[in-house]
Each structure stands twice: as structure tokens, then as C-alpha cells.
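Let's look at a protein chain together and work through a few student questions. Here it is.

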Amino acid sequence: MNPLSPEELLARLQAAREAGEGKPGSPVRLRLHRELAAAAPAFVPNLLELGRGLQVAEDAAGTAAFTEAEAILRQAVTVSQRSAPTLVELAYFLNVVRDSPQEMEPLLEEAIRQSLHVLEEAWAGLINVLVEQEKYQQALNVSEKALRVFPESPRITLAVESARAQAVHEGLLPPES
Amino acid sequence: MCPKVLAVTVLMLMHLGCVGAAAQSRYEAAEQVDEGGGGGDSVSPRILALIARGQFTEAQVLIHESVKGGLMSQAAATALLARIQLLNTKLGEIPAQLQKVSSFPAILKNHTLYEIRTMLAQRDYSVATVSQLRTAQKLIEDQQRLMEKIR
């Protein structure tokens, strides 16, 4: 079987999302998500939709649906190489359905560590790109938020220094502020 | 509604909101969250206080009047109304599949999230155990997340 093209994957995901009037637990929607998961086992957005839908399945399949949801969410964690969104989905499942807060905690900590790293990179890049486009006031506003979360990050503090230096030149900040 | 009538309504509701404040203070403290995009206006804290005390009807009136009077954005109003709806949800109203979790506390089926949160905040374990209350709370709060679109 030929692998699905990116366009086909997205079209089938969209079709599944819209099926059953868009209700996550509708039988027709679950069927389409399942078929897509079988055809594309590493397509994470579909696995997450299926994992959620099974937890609110309208035909109330009982524990079998929970067993399937757990397998699908663990698959999403594995094939995404433990991406933050998959860790969060599995964490909520384990806490709410399995009543296991002790399993949820380390998964969320791992997701937060990853997300913070992404946030740090995104903020440093955003401050720099705002300065580059001479949007100094915006750069200062973002700097303030970024420093609150990452007061010691070398990337953030360097970006903030550039933004402040430019803002002083523009008269937006007094010297030595 | 003319501004004067609105002001009187707001004052009246603010007064109503003060009743029983001491009894619910612990619950209210647990309820301090973002205002759903309505930051900076003066009525949101009042509305949040009413919601925290379970005075949903008064809160809904104040939300609608605030939007009409231009004191609150539609987005902030929608977020607050959704919050009220969630707090008013009974455990027995969550999707049938979620009621099949092995630890489902059926004894709390007729209780709303607001009542369950209040019992937890006040350490009132006369109706259910602490772990039953916690399970009920997370089931009601999570069912909404599960029904949302994945971002």
C-alpha cells in the first residue's frame, strides 16, 4: 500500500473531525479516526483526536474504550518521541480515567520542561525579530513578559539588552534604565 | 439600559455579592483565575466574586447588563458564562462513557461542580469521601476539555 500523502492525511483528518456533526464521541467519527490510525499509525494529530473521542464515546463501550484510548495515547507519545502535547493528553487520561495522579505528575513535568524550552526560544527570537523590524515598543513589552519567566536565560537577556539599547536610541527609554 | 439604571443594578448586585462572603472565603480564594480576556474592566472582579459564591443568576444578569452597557467585551462575557455553565454541571450529566471509570462516585451524581468544589474547600466529607469528591471534580472539569477542539 502506498503511504498517504500529506494532503490525503489532512483531508481524511478533516473529514473525520466533521463527521457525526463534529461530536468527538460519535460512532461515525470514531470509525473514521480509527481507520486513519490504522492507515497512518504515526500521524499524531489523528491519534490525539481518537484518544479523546474514545473517552467520551457515545455508545458507551465501557472499559474496552478506555483500554483502546490508553493504547492510542501511549502510541502517540512513542511515535512523537514524547512531544509535550501527547504527554499532556496521556497525563490527563491517567489521572481522570485511571485515577492515578502519581502517574500524571512526572508526565506533566516532562511536558512543561519541553514547553519552557520552546517558549524560551520563541521569545528570544520574537524580541530579536521585533527589534530587527524597528518595533521597539512591542519588543520592550515582550521583553518584560519573557524576563518574568526567564530572568537568567542567556538568550533572553541578550535579546532584551539589544531591545533596550535600541529603545534608548529612539528615546523610548531613558539612558541607564 | 440607561447608564443610571445600569449603575443601580450593578450596585444592587455588588451588595448582594457581599452576603456570605466570610463563609465562602476559602472557596473564593481557590477561584481566582483569569477573567477570560476582560482584563482591566471594573465589573469582572464583582462578577467573579458572585460566581465564587454560587450566585449564578445574579452573575448572569450582571454579565448581560455589562455587555449591553459597554463595560465588558463579548469575549469576556462568553468566558464567564461558560464558567458558570461548568460550575452548574452535575456529575450525572457528564458523558455516559466517562461515568464508566472504575472509581466513579455515583453517590455524587446529583451534585453540581460548584457544590463538589465547595465541599472540598470546606473539608465537608459528610456526603462523600475526599477521594470521591476529587474524582467527581476532575471528571466534570475534564469532560469539557475532552469535548473541545484540540489546539
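This is a predicted model: local features need pLDDT of at least 70, side-chain atom pairs count only at pLDDT 80 or more; totals for chains, interfaces and linings use all residues.

Residues are numbered from 1 along each chain as its sequence is written, while chains are lettered from A and ligands numbered from 1 in the order in which they are written.

Reader: Is Arg82(A) buried or exposed, or something in between?

Author: Helices here are DSSP runs (H or I, at least four residues; strands are E, at least two), numbered from the N terminus. A residue is buried with 20 or more other C-beta atoms within 10 Å of its own, exposed with 12 or fewer, and partly exposed in between, with C-beta atoms placed from the backbone. Arg82(A) has 15 such neighbours inside 10 Å, so the label is partly exposed.

Reader: What is phi at Asp99(A)?

Author: Most residues other than glycine have a negative phi. Asp99(A), in the loop between H5 and helix H6 (101–132) of chain A, isn't a glycine, yet its phi is positive: near 55 degrees.

Reader: Which residues of H5(A) does H3(A) meet?

Author: Contact here means C-beta atoms, placed from the backbone, within 7 Å. On the H3(A) side you've got Val44(A), Leu48(A), Gly51(A) and Gln55(A), and they meet Pro85(A), Thr86(A), Glu89(A) and Phe93(A).

Methods:
Two residues are in contact if their C-beta atoms, placed from the backbone, lie within 7 Å.
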